[in-house]
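Please consult the sequence and the structure below while reading.

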Amino acid sequence: MKALGIILAGGGSSRLESLTAKRAVAAMPLAGTYRSIDFALSNMSNSNVGTVAVVTQYSSRSLNIHLSSSKWWDFGRKQGGLYLLNPTITPENTHWYRGTADALIQNLDFIKERHEPYVIIASGDGVYKLDYNKVLERHAATGAEMTIVCKRMPKAESERFGVLELDADGRIISWAEKNENGSHEGEQIINCGIYVIRRRHLIQVLEEAAREEKYHLVTDLIIPHLDQRRIMSYLLDSYWTNIASVTAYFNCNKDFLDPELRKFFFSDYPVIHTKVDDNPPAKFNGGARVSNSLVAGGSIINGSVSDSVLFKKVYVGDRSSVKNCILMDDVYVGDDVVLENYIVDNKTRIANGTCLVGDPDSIPILS
Amino acid sequence: MKKQMIAMLLAGGQGSRLGALTQGMAKPAVAFGGKYRIIDFPLSNYVNSGVDTVGVLTQYRPLQLNTHIGIGIPWDLDKQFGGVTILPPYEKTGDSEWYTGTANAIYQNIEFMDRYNPDYVLILSGDHIYKMDYEDMLARHVSAGAEATIAVMPVPWDEAPRYGIMITDGEGRITDFEEKPKNPRSNLASMGIYIFDYKTLKKELQELSDVPNCDFGMHVIPHIHRRGGRLYSYQFNSYWKDVGTLGTYWEANLELTDLVPDFNLYEEFWQIYTSAEAYPPAYVAEGGKAETSIIGDGSTIEGSVKHSVLGANVKVAPGAKVRDSVLMNGVVIGVGAVVRKAIIAENSVIGAGTRIGEGFFAASRLDPRVYNSDITVVGANSVIPENVTIGKNVAVIGQTTAEDYPGGVLESGDYIIKKKGGRA
């Protein structure tokens, strides 16, 4: 196996407001039956990366439960497989992970014990499909010290990302981190948070960072060294988003109402895997009116639902109307409810006769 | 090491009265309820009852069943000691034979049962839909001091002549039984679910080993009865459905779409487990309609579906109408096609504009014992071309083309069976 996989899944996000109060971003439920980490994990598995370490820290229980068995992503192997790297107290260290680089530094012994020549570091909140072997090939061909996956995106949609400037060869020559100023027109190239580096080189860089007490992968180990280090780009030309804000989360879920996008991720080989549950199929009772909506297993629909994504075991009562909503697992919508433009967090109960209409430009969260 | 009770699941039968549905697989492997296979019900009953050691006896077309069960992961039956073991007939020195009867099949697997040194053995067949606590039945068996206990259920008196009827005393001890009696003395029908003391079972099987086609109902139970052995009944009073005919199979599926079905899959208690792939949720498009139906994960509904059960990854194209039907995984219904009262098995494709279930009932020209209702059946992996009209009580198996439908019509009661390279 050519590369070791590391998935950074330690973060919460203040931009996701109350949604990450009970789970890490990487555990955010998506598209009705998936979680955001399924995409990075499936990409690893589908790229034949045999050993994957998931770095967790923030509110990790939900993520740990999701990852409680590695069989769903075919990581239940005798050799390699799936490792969870939680922060631990040791005689030498009593800190939490103080940043992305520190998370790796604190697991340096794990990285050193491996034998793979390369490391693929991916964030756990990206929604995309990518054969990492293509990035590895480009990395080797260009003789880069590090290769970073990036994507060209409209400026208006990519304010919250690191913005990169490339030279003619694709080398990254400048990097503005989460710069929200400037014009909203045109396109820019942004960082997708997927890094390929030689394992031995990574160890060297991390040891240096540990000595200098630098703990952030991007701001400490990459941006200050763009001049000296040959850091190359790999441009992704298919769907990519991350779900680091409420709007991005809402839009990403609604993107899956597009049959072409579902086909791309869930029908075209290789597909995204997830933990399979034991829910019965969705039930549509007499009087149900469903239009342009996803309805996951275990759900029971009596009323009307449109332009919405319903996760597992959602109940919609008689004569209720749900429009432009994301209803997460186990949401109960009573009878005669009007619900529009909302994200409803799991296990929320909405009483009979409730009327809630949110602002479509700033979707509120109900939890 | 030992197990208190192990289970032996008889899953080798063809289920020939399911016609086209069991062309390529044994009856317990037939899909049910939009996600499940019939065998999931006994397997889930085992784990919910605390039975963790199961031998599954296969014989007729076992591939689908083997693939489905695998190493038993969905039912938590992947265990170090115990778990699920597939038991096909095997060659022996001297007297090799197929499984010739229910008791004969168990007799041929005494070696398997001995490994677990059980006190009790639960024996049943994998072709009924029900939720039953076998632990409760065992408690009854133990407290009665029975050698064998037979699960029974009360049936309407006028239906009793169709069953094996048990006559019991006040204590539930079986005093007599009659197979399909014209004038029944009781309405307690045997469900074909037995708990035996293993010592009794082994002794009986060995004594009766020379009986041809040795069967529990016909030979073993009467033999115990004749020698005055302690036979008890265990009365079961909830939902139990034999899905052995096309009519009952269709009915049991469609009952799941009732507002509050008698057999409820949506209860947290006594969950049914199955081996399924990960799919995105079901999608109903703008202009699509799904009502009084169960729709499996990954399905896309652009047409209209009413009073039907759809499996995973089914596609109903725009303008298509599906009514009163059971569509299994991967079925594709073309643009504007109309499907009425049909059972369409896995991955079959119905061409655009085709109409199924038209006209009036006519007796089957293929096999009136199997095809005797107004349900039309399409076997797995079949193809039906565009713009043909198919009547009621029809069977279609295989990849058909327009030439197979003279005048674009297949009349009620008619059939097409296209055999493909070596199969069927």
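A salt bridge is a side-chain nitrogen of Lys or Arg within 4 Å of a carboxyl oxygen of Asp or Glu. By that criterion, the count between chain B and chain A is two salt bridges. The model is predicted: local features need pLDDT of at least 70, side-chain atom pairs count only at pLDDT 80 or more, and totals for chains, interfaces and linings use all residues. Residues are numbered from 1 along each chain as its sequence is written, chains are lettered from A and ligands numbered from 1 in the order in which they are written, and side-chain values use heavy atoms, with hydrogens and water left out.

**Extent of the interface**

- Chain B gives 40 residues to the contact (heavy atoms within 4.5 Å), and chain A gives 36 residues.
- The buried area, that is, the accessible area (1.4 Å probe) that two parts lose on being put together, summed over both, is about 2800 Å² between chain B and chain A; carbon and sulfur atoms give 54% of this area.
- Tyr266(B), Pro281(B) and Tyr283(B) supply 23% of the area that chain B buries against chain A, more than any other three residues.

**Polar interactions and composition**

- One of the salt bridges joins the side chains of Glu268(B) and Lys313(A), at 3.1 Å from N to O.
- Between chain B and chain A, 18 residue pairs are in polar contact, both residues being at pLDDT 80 or more; a polar contact is a pair of N or O atoms within 3.5 Å, where, within protein, one must be able to donate a hydrogen and the other to accept it, and residues adjacent in sequence count only if both atoms are side-chain atoms.
- On the side of chain B that touches chain A, the elements giving two or more residues are β14 (282–284), β15 (289–291) and β16 (293–295) of chain B; strands are DSSP runs (E, at least two residues), numbered from the N terminus.

**Strand pairing across the chains**

- Strands pair if DSSP finds at least two bridges between them; β14 (residues 282–284) of chain A and β16(B) run antiparallel, joined by three bridges.
- Within that pairing, Lys283(A) stands opposite Ile294(B).

**Parallel pairing within chain B**

- β23 (residues 332–333) and β26 (residues 349–350) of chain B are parallel over two bridges, and Ile333(B) stands opposite Ile350(B).
- Three bridges join β27(B) in parallel to β30 (residues 389–391) of chain B, where Arg355(B) stands opposite Thr389(B).

Conventions
Helices (H or I, at least four residues) and strands (E, at least two) are DSSP runs, numbered from the N terminus.
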